[in-house]
Amino acid sequence: VRIHGSGVNTEHFAQAPLPNQPAFVFIGRLVRDKGVIDYLDAAKLVKAEHPEVRFDLVGPFDTNPTALKPADIQPYIDEGIVAYHGEQKDVRPFLKACSCFVLPSYYGEGTPKSALEAMATGRPLIVADAVGCREVVRSGVNGFLVSPRDPVALAEAMAAIISSRDHLERMAERSRSMAEGQFDVRKVNGTICEVMGL
């Protein structure tokens with residue numbers, strides 16, 4: 001029996017309307033293998049063409065061997081490419097403020113909890129075509145899969161998100177319906193209990 005990750009509470013992470021201005025967010029530990037620098041480099045490319053677009057970065061620094069240091073992201077902050085918000089106990093305000101969630105991780109994820117939370121909020125996703133991440137995106141349907149370690153491809157996917165409000169809204173609705181249909185924690189837990197005979 002296959003379950004879809006640990007699931008997401010679709011009531012706690014309620015669907016929210018998309019913001020008027022395009023905005024992207026990365027939420028996760030600041031580890032190089034999670035594609036943080038790829039996200040920042042892609043943001044720089046997009047900002048050159050669309051200076052009005054906002055990019056947020058949420059998450060703690062880490063002790064992982066590939067963890068980033070504050071000095072690694074400070075130039076992007078200084079240039080106005082990204083706003084860094086540190087570690088947050090409640091990420092819902094940042095999901096509501098974004099129009100797309102980005103996780104270009106090649107870390108070897110399970111099903112990323114942060115991606116499921118974004119889906120439940122009704123947000124398209126841009127993720128790396130890598131283990132774990134690819135399970136949450138149907139490319140062109142509720143977001144885009146991009147090649148790992150490819151900021152240019154990431155920037156192109158971001159540009160596609162920006163270019164069509166109608167398409168963005170369709171992908172947002174599809175993300176929410178996928179969260180409800182496949183990833184709702186009650187369904188995941190029900191499957192586990194059924195298999196265990198509980």
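In the predicted model, strand β2, helix α2 (residues 70-78) and strand β3 together form a β-α-β unit of right-handed sense. The two strands of this unit, β2 and β3 (residues 83-84), run parallel and are joined by two bridges, with L57 standing opposite Y84 of β3. A right-handed β-α-β unit is likewise made by strand β1, helix α1 (residues 36-49) and β2, so that β2 takes part in both units, a reading that follows from the elements assigned as DSSP runs. The pairing of β1 (residues 23-27) with β2 is also parallel and extends over five bridges; within it, F24 has F55 of β2 as its bridge partner. Strand β2 (residues 54-58) is largely enclosed by the rest of the structure, because four of its five residues are buried.

Burial is also found at L95, a residue of helix α3 (residues 92-97), which has a relative accessibility of 0% and therefore counts as buried, the cut-off being under 20%. When residues up to four places away in sequence are left aside, L95 touches F13, V25, I27, F101, E117, A118, T121 and R123. One of these contacts, V25, lies 70 residues from L95 along the chain, yet the C-alpha atoms of the two residues are separated by 7.4 Å.

The largest pocket of the model has a computed volume of about 160 Å³. Its lining comprises 13 residues, and those lying nearest the centre of the pocket are I27, G28, P112, K113 and S114. By residue class, the lining of this pocket is divided into four nonpolar, four polar and five charged residues. Among the elements of the structure, helix α4 (residues 113-121) gives the most to this lining, contributing three residues.

S114, which is placed in helix α4, is one of the residues nearest the centre of the largest pocket. With a relative accessibility of 16%, S114 falls under the 20% cut-off and therefore counts as buried. Apart from residues up to four places away in sequence, the contacts of S114 are with I27, F101 and L103.

Technical notes:
Residues numbered from 1 in each chain as written. Predicted model: local features only at pLDDT ≥ 70, side-chain atom pairs only at ≥ 80, totals over all residues. Heavy atoms only, no water. Buried < 20%, exposed > 50% of the residue type's maximum accessible area, 1.4 Å probe, protein only. Contact = heavy atoms within 4.5 Å. Pairing = 2+ DSSP bridges. Right-handed = clockwise from strand over helix to strand, strands pointing away. 1 Å grid on protein atoms, 1.4 Å probe; cavity = no way out; pocket = protein on both sides within 12 Å on 5 of 7 lines; lining within 4 Å. Points joined across faces, edges and corners; volume = space filled by probe spheres on them. Nonpolar A, V, L, I, M, F, W, Y, C, P; charged D, E, K, R; others polar.
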